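Student: I am new to this structure and would like to learn how to read it. Could you take me through it feature by feature?

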Amino acid sequence: MLIFLALIVISYVILHRTRYGRAVFLCGVNAAAAEFCGINTRRVVMSTYVLSGASAAVAGIILTSYLGTAKADFGKELTLPIITAVVLGGTSNLGGRGGVIGTALAALVIGVMRFGLSMNGVTTQYHDIPVGALLIVAVGCRTFMDNPSLARLVRRGWLAKT
């Protein structure tokens with residue numbers, strides 16, 4: 001838990017309190033505008049991939065030390081919960097919007113939900129079903145909130161009548 005909290009603080013400071021973090025968000029929104037602002041987008045994108053790879057390496061080291069063994073496909077079943085946590089945490093799939101705190105809280109919610117399913121005797125093969133349903137609901141809500149014309153159609157009753 002201490003490593004989790006430390007990584008949250010480090011990520012928050014990097015993304016929300018530095019020029020580099022602003023450059024990352026600007027490259028996510030509009031890379032051409034970032035280039036016109038004098039940001040070397042290739043360097044920002046490359047360094048973001050490097051930081052992502054380093055974070056994956058730390059996660060791999062922690063998982064290997066926790067399990068006591070290493071295998072190439074460890075963690076492959078965590079892809080859906082990770083994507084769900086990122087989307088549920090407020091990160092836009094179109095880029096340029098997101099936050100560390102929301103993603104961390106969503107990861108905790110998903111972890112507690114999966115732990116609760118295990119404690120209630122649900123087999124592990126069914127743990128991804130509620131996580132997938134949560135992802136569908138999160139994407140649907142995000143689409144509805146980001147699309148004002150869809151909201152106007154619903155207010156007029158077009159979707160309610162069908």
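Predicted model: local features only at pLDDT ≥ 70, side-chain atom pairs only at ≥ 80, totals over all residues.

Student: What share of the residues counts as buried?

Tutor: Buried means under 20% relative accessible area, exposed over 50%, and partly exposed in between (1.4 Å probe, protein chains only). Of the 162 residues of the protein chain, 19% are buried.

Student: Which residues of helix 5 are buried, and where do they sit around the axis?

Tutor: An α-helix has 3.6 residues a turn, so residues three or four places apart point the same way. In helix 5 (residues 79-88), the buried ones are Pro 81, Thr 84, Ala 85 and Val 87. They lie on the same side of helix 5 because they cover an arc of only 170° around the axis; the arc is that of the directions from the helix axis to the C-beta atoms. These buried residues pack against helix 6 (100-119) and helix 7. After helix 5 comes Gly 90, with a positive phi near 110°.

Student: Which residues make up the largest nonpolar core?

Tutor: In soluble globular proteins, nonpolar side chains tend to be buried together. A nonpolar core is a set of buried Ala, Val, Leu, Ile, Met, Phe, Trp, Tyr and Cys residues joined through side-chain atoms within 4.5 Å. The largest one here has five residues: Ala 23, Val 24, Cys 27, Ala 34 and Val 44. Helix 2 (residues 19-29) gives the most to this core, with three residues. Contact means heavy atoms within 4.5 Å; leaving aside neighbours within four places in sequence, Ala 34 is in contact with Leu 26, Cys 27, Ile 39 and Thr 41.

Student: What lines the second largest pocket?

Tutor: A pocket is found on a 1 Å grid over the protein atoms alone, with a 1.4 Å probe: it is an open set of points with protein on both sides within 12 Å along at least five of seven lines, and lining residues have an atom within 4 Å of a point. The lining of the second largest pocket consists of Val 87, Thr 91, Ser 92, Asn 93, Leu 94, Val 139, Arg 142, Thr 143 and Asp 146. Helix 7 (residues 128-146) gives the most, with four residues.

Student: Is Arg 142 buried or exposed?

Tutor: Arg 142, in helix 7, counts as buried, at 18% relative accessibility. Leaving aside neighbours within four places in sequence, Arg 142 touches Val 87, Gly 90, Thr 91, Ser 92 and Arg 97.

Student: What does Pro 130 touch?

Tutor: Pro 130 is also in helix 7 and is partly exposed, with a relative accessible area of 26%. Beyond its neighbours within four places in sequence, Pro 130 is in contact with Met 113 and Leu 117.

Conventions. Residues numbered from 1 in each chain as written. Heavy atoms only, no water. Helix = DSSP H or I, 4+ residues; strand = E, 2+ residues; numbered from the N terminus.
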